[in-house]
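This report is for a reader meeting the structure for the first time. It moves from single residues to the whole chain and back to local details.

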Amino acid sequence: MYDFIIIGSGIIGCMIARELSKYDVKTLVLEKENDVVNGQTIANSAIIHAGHDPKPGTLKAKLCVLGNQLYDQLEKELSIPLLRTGGFVASFNEAEDIIIDQLYDNALKNGVFNPSLLFTDELIKLEPNINPSIRKALYLPSTKVTYPWEVAIHALEHAMQNGVELKKNSFVVKMIDHQHHFEVQLSSGYTLYAKHIINAAGVFSDDVARLIDRDVPYRILPKKGEYFVLDRHVKGLFNHVIYPVPNQEGKGVLITPQVHGNILLGPTAVKISDKEDLSTTKSGLEKIKKDIQRLSNNIPYHLIIRNFAGIRASSSHEDFYIKASKEHPRFYHIAGIDSPGLTAAPAIAFYVVESLLPKDLPVKKDFKAYQTSAKLFHTLNPHEQQKAISKYPRHGVIICKCEKVTEQDIIQQINRPLGSDTIKGIKKRARAGSGLCQGGYCESLVLKIISEITHQPLNSINYDQLHTEMLQQ
């Protein structure tokens, strides 16, 4: 019997698991995929928004601003990267100037840190490659960028170091409320029991809710966003997150520097019906190029190394929907967590534990306050690198030349508490295959290392999901 079962291991589920790990309760995270963080968290802009956009008084506004502040603390506790870029929301005409002024007022009402208004000459000094036609911008100095996969993985790994359990390839097909506990049935035939269930299933949260509630008070209306990724040799071309004035579709197509030196262009925002449609389209990618021209005409498109799409869990409910079920009070909906969900995630976790769950949870006396895991070799200083090679000679062999990933880096990512034995899993954790050649050089080498360390035949190693073997039998 578990005290809590969390359904979903995206950034929200991982952060809630970490928050619950501070208490002396038995917690299990269920993930339907073969690895964690394979939904919204793996395909977004990676921005920690300042909080200028959400409607004042909403949960989105409150939790976005608090979440932004909490990331400074998480940087130390979870050893995650933060790129403190600051951000600009740019206007091009008088009508958009009015919207900028409204967003400035919004930012002040939401408690955003030190927003200000800048004009053309000031903007060009800060970002020489922006479109000189920009008239005015809202400057948001607390805007940051992180690496969402790493944040979520480190958060869940930290939770596991404090006793939380994880069960992958666990697709929930039925739930029964037995008054004092829930019975949770998986597609594998396995049955679990829990006193409380937290639904953090992202774009599938309404599907999960319908397994228990007859009347689900929201409906997920997924939106697909497409992106371009520029090679990290563009580092420094833009140093701030640059937004256009938002429209009915969302925040618009942005220019976003990344923590590893890349730049993202996007996203689009198209309503879709298929929650698993991660395809990119000619029309979507052309829209990115068209819309980006408003922000800059100096985009080196020849340095695009890949494109991708992600899905956002927009919903019929205007705000985040974070409430206990009316029909089953020990079942908790954490739904409609679209933008700024990544930003708000740590604050959402705190809000869930403090405001929704029972008040008498016993505090864990031996909680480990800091997540511990080995750093990647290229992040070490020269002295640390020499010590690392002395201890682990396989740091002396570079496997991924683009991202400077060593053999030992890959071995560590296989063996860590929340490690992986798939090609995509290693890419998420060590970035092997994330560079210019997109795995063309290193993928086969990673395959061999996984086979060696896990003692699996080469032809049984999966790319990602079960039964996605890289080599034919």
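Is threonine 256 buried or exposed? The model is a predicted one, and in it threonine 256 has 0% relative accessibility and so counts as buried. Threonine 256 belongs to strand β15, which covers residues 254-257. Apart from residues up to four places away in sequence, threonine 256 touches Ser45, Ile47, Val145, Val241, Asn262, Ile263 and Leu264.

**The whole protein**

The protein has 12 helices and 22 strands. For 473 residues, a compact globule would have a radius of gyration near 23 Å, and the 22 Å of the protein agrees with that. Along the principal axes, the C-alpha atoms fill a box of roughly 60 × 55 × 45 Å. Of the 473 residues, 56% count as buried. The accessible surface is about 20,500 Å², and carbon and sulfur atoms account for 51% of this surface.

Among contacts between residues at least 6 apart in sequence, 73% join residues at least 24 apart.

**Helix α10 and strand β22**

The buried residues are Glu407, Gln408, Asp409, Ile410, Ile411, Gln412, Gln413 and Ile414. Their cover includes β21 (398-400), β22, α11 (423-430) and α12 (443-454).

Valine 405 is in strand β22, residues 405-406. Valine 405 counts as buried because its relative accessibility is 1%. Beyond its neighbours within four places in sequence, valine 405 is in contact with Val397, Ile398, Ile399, Cys400, Ile410, Ala430, Arg431 and Ala432. Valine 405 and isoleucine 299 are 106 residues apart in sequence, and their C-alpha atoms are 28 Å apart in space.

**Cysteines**

How many disulfides does the structure hold? The structure holds 0 disulfides. Cysteine 400 is in none, and the nearest cysteine sulfur, that of cysteine 442, is 4.1 Å away. With 1% relative accessibility, cysteine 400 counts as buried. For cysteine 437, the closest cysteine sulfur is in cysteine 402, at 3.9 Å, which is too far for a bond. Cysteine 437 is partly exposed, with a relative accessible area of 33%.

**Backbone details**

Most residues other than glycine have a negative phi, and most peptide bonds are trans.

| Residues joined | Peptide bond | Omega |
|---|---|---|
| glycine 266 and proline 267 | cis | about 5° |
| serine 339 and proline 340 | cis | about 5° |

Proline 267 is in the loop between β16 (263-266) and β17 (270-271). Proline 340 is in the loop between β20 (331-335) and α8 (341-356).

Asparagine 169 is not a glycine, yet its phi is positive, near 50°. Asparagine 169 is located in the loop between β9 (165-167) and β10 (172-177), and with a relative accessible area of 32% asparagine 169 is partly exposed. Histidine 467, also not a glycine, has a positive phi of about 65°. Histidine 467 is found in the segment after α12, and histidine 467 counts as exposed because its relative accessibility is 69%.

Terms used: Residues numbered from 1 in each chain as written. Predicted model: local features only at pLDDT ≥ 70, side-chain atom pairs only at ≥ 80, totals over all residues. Heavy atoms only, no water. Helix = DSSP H or I, 4+ residues; strand = E, 2+ residues; numbered from the N terminus. Rg over C-alpha atoms; globule rule 2.2 N^0.38 Å. Buried < 20%, exposed > 50% of the residue type's maximum accessible area, 1.4 Å probe, protein only. Contact = heavy atoms within 4.5 Å. Areas by Shrake-Rupley, 256 points an atom, 1.4 Å probe, with all protein chains shown as cover. Disulfide = S-S within 2.5 Å.
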